[in-house]
Amino acid sequence: MEYNAVYVTIAILLVGVALIWYVFKNVGNKKVVERDVPDRKELDSILREHVDFFDRLDEKAQQVFVDRVAYFLATTKISAEKGAQVGEVDKVLVAASATIPLFHFDKWSYENLDEVIIYPGTFDEKYDVASTDKNILGMVGDGVMNRKMILSLASLRAGFAHSSSSNTAIHEFVHLIDKADGDTDGVPDYLIPKSLVEPWLHEMHKNITLIRHDQSDIRDYAGTNPAEFLAVVSEYFFQKPTFLQQDHPDLYALLDKIYNQK
Ligand SMILES: [Zn+2]
């Protein structure tokens, strides 16, 4: 009997190790920093309830999505600061925002990110959440804040309201993808096939000019510069793909090629 118990324990351990190996070999090789990750069933039900992108996937793709979310949560620190009350659902929303733009890339991880810091609401350039002209919803850090992202909790949640065409957290992860090649310039070198760089630059500058002349329904902020253009239209692409396809078919087709590698 005693020997049986030993064998059963060994078998359980082996299955556990195999499962962990299976999950991690499929998503990336970052170091595990958080062990308190919800189980797959819980992740699945949170994603199903809150994330439209997840709902649109077929069952097999949903399983992959859950793997990616679990991997992000295990390898990325998510911290609440300045009084933010961050719950489990909020953390899953951060992980979903990270997963969405890179979902069609088999091997990925955000090598340029260690921590996502969550503030309760908007903030200013000095990270002040009480200042009178606080209007920043999220940012990718530089200098001492390098490898960190800050998100406003209110904006994170608003982005996942079912009617929302904008999504701050996806916006910031797109900046991080854009930044990975060294230049935050609206051209994500690691994603975009070389043959698409010219057509993308053309489409981007054409639309920026239209936005600056008030001749586009795309949010004004996209006219700020190419990096903001990529981030804003990517939000639109992931949140409301059918509207973007109807109203801006050329832009949609390019984004579809960049993010879905068709
Ligand atoms: Zn931005």
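User: Which helix lies across E3 and E4, and at about what angle does that helix run to E3?

Analyst: This is a predicted model, in which local features need pLDDT of at least 70 and side-chain atom pairs count only at pLDDT 80 or more, while totals for chains, interfaces and linings use all residues. Residues are numbered from 1 along each chain as its sequence is written. Helices (H or I, at least four residues) and strands (E, at least two) are DSSP runs, numbered from the N terminus; axes are lines fitted to C-alpha atoms, for helices over the stretch in contact, and angles run from 0 to 180 degrees between N-to-C directions. Lying across E3 and E4 is helix H7 (residues 168-179), and its angle to E3 is about 15°.

User: In what order do the strands of the open sheet follow one another?

Analyst: Two strands pair if DSSP finds at least two bridges between them. The edge strands, each of which pairs on one side only, are E1 (77-80) and E3 (138-140). The pairing in this open sheet of four strands is mixed, and the order is E1-E2-E4-E3.

User: How do E3 and E4 run, and which residue is the bridge partner of Met 139 in E4?

Analyst: Strand E4 covers residues 148-152 and is joined to E3 by three bridges, the two strands running antiparallel. In E4, Met 139 has as its bridge partner Ile 150.

User: Over how many bridges do E1 and E2 pair, and which residue in E2 is the bridge partner of Lys 77?

Analyst: E1 and E2 pair in the parallel sense, over four bridges. The partner of Lys 77 in E2 is Glu 115.

User: How many residues of E2 and of E4 are buried?

Analyst: A residue is buried if 20 or more other C-beta atoms lie within 10 Å of its own, exposed if 12 or fewer, and partly exposed in between, with C-beta atoms placed from the backbone. E2 is mostly covered, with four of its five residues buried. E4 is mostly covered as well, and its buried residues number four of five.

User: Why do the buried residues of helix H2 line one face of the helix?

Analyst: The buried residues of H2 (residues 40-50) are Leu 43, Ile 46 and Leu 47. The face turned away from them carries the exposed residues Lys 41, Ser 45, Arg 48 and Glu 49. Seen down the axis of H2, the buried residues line one face because they fall within an arc, taken from the directions from the helix axis to the C-beta atoms, of 95°.

User: Which helices are included in what covers the buried residues of H2?

Analyst: Contact between two residues requires that their C-beta atoms, placed from the backbone, lie within 7 Å. The cover over the buried residues of H2 includes H3 (52-55), H4 (59-75) and H5 (88-99).

User: Is Ala 5 buried or exposed?

Analyst: Ala 5 has its place in helix H1 (residues 2-25). Its C-alpha atom is separated by 39 Å from that of Asp 106, 101 residues apart along the chain. Within 10 Å of Ala 5 there are 9 other C-beta atoms, so the residue is exposed.

User: Where is Tyr 127 found, and what is its phi?

Analyst: Tyr 127 is found in the loop between E2 and E3. With 17 C-beta neighbours inside 10 Å, Tyr 127 counts as partly exposed. Most residues other than glycine have a negative phi. Tyr 127 is not a glycine, yet its phi is positive, at about 60°.

User: Where does Asp 214 lie, and what value is its phi near?

Analyst: Asp 214 lies in the loop between H8 and helix H9 (226-239). Asp 214 is exposed, with 8 other C-beta atoms within 10 Å. Its phi is a positive value in a residue other than glycine, near 60°.

User: What distance separates the centres of domain 1 and domain 2?

Analyst: The protein chain is divided into domain 1 (1-159) and domain 2 (181-262), with bounds that come from an automatic or database domain assignment. The contact takes four residues from domain 1 and five residues from domain 2. Taken over C-alpha atoms, the separation of the two centres is 26 Å.
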